[in-house]
Amino acid sequence: MLEEQVNQLLAQKFHCSQIMMQLGMDALALEEPNLVKVMTGLAGGLGGCGRNCGALTGGVCMLSLFAGRGDAAEASHPELEEMVSEFLSWFEESYGSPNCDDILMGDKGNIPQTCPDLILNAGQKAMEILEDHGFLPMS
């Protein structure tokens, strides 16, 4: 099911960061186009600069959607930092670097063969972390 969602969003030309947020919003049955829109700034390694991968930063934002602070009366969930750390460690172990340029070996032409699986794997890992920390029912 997650693979189908990712493929549909890729076919609609959404960026990695946008897809990660949309996966989280779908899990919460939320519709907020402006939240997806703002994620564009993280695509391609921070606005196309090749820095932190959008699937990584988008995944962190997705985790924060579930466990972050939303208003002045609310606090972030105490496990958010641990969740983000787990996601970052997994990402760096899996892809060798948090940076888009490194992952793509400096060639944006590598996007079609690299990014779809990377986004799917990042989405699966983020969902697994959310399940492990009780934010989603175990599948």
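**View 1. Helix α4 (residues 54–67) against helix α7 (residues 111–132) in a predicted model.** The two helix axes come within 10 Å and cross at roughly 25 degrees; axes are lines fitted to C-alpha atoms, for helices over the stretch in contact, with angles running from 0 to 180 degrees between N-to-C directions. That angle makes α4 roughly parallel to α7, a label for angles under 35 degrees, with over 145 counting as roughly antiparallel, 65 to 115 as roughly perpendicular and the rest as oblique. The crossing of α4 past α7 is right-handed, meaning that the near helix is turned clockwise from the far one by less than a right angle. Helices are DSSP runs (H or I, at least four residues) numbered from the N terminus.

Residues are numbered from 1 along each chain as its sequence is written, and side-chain values use heavy atoms, with hydrogens and water left out.

**View 2. Residues in the contact of α4 with α7.** From α4, Ala-55, Met-62, Leu-63 and Phe-66 meet Leu-118, Ile-119, Ala-122, Ala-126, Met-127, Ile-129 and Leu-130 of α7; contact means heavy atoms within 4.5 Å. The contact consists of 11 nonpolar residues, with no polar and no charged ones (nonpolar: Ala, Val, Leu, Ile, Met, Phe, Trp, Tyr, Cys and Pro; charged: Asp, Glu, Lys and Arg; polar: the others, Gly among them).

**View 3. Val-84 in helix α5 (residues 80–95).** Val-84 counts as partly exposed, at 22% relative accessibility; buried means under 20% relative accessible area, exposed over 50% and partly exposed in between (1.4 Å probe, protein chains only). Leaving aside residues up to four places away in sequence, Val-84 touches Val-60 and Leu-63. Its C-alpha atom is separated by 9.1 Å from that of Ala-126, 42 residues apart along the chain.

**View 4. Gln-18 in helix α2 (residues 16–27).** With 8% relative accessibility, Gln-18 counts as buried. A polar atom of the Gln-18 side chain lies 2.8 Å from the backbone nitrogen of His-15. Residues up to four places away in sequence not counted, Gln-18 touches Val-36, Lys-37, Met-39 and Thr-40.

**View 5. Asn-110 in the loop between α6 (100–103) and α7.** Asn-110 counts as buried at 13% relative accessibility. The backbone oxygen of Leu-104 is 2.7 Å from a polar atom of the Asn-110 side chain. Asn-110 touches Leu-104 and Met-105, again not counting residues up to four places away in sequence.

Notes: Predicted model: local features only at pLDDT ≥ 70, side-chain atom pairs only at ≥ 80, totals over all residues. Polar contact = N/O pair within 3.5 Å; in protein donor to acceptor, adjacent residues only side chain to side chain.
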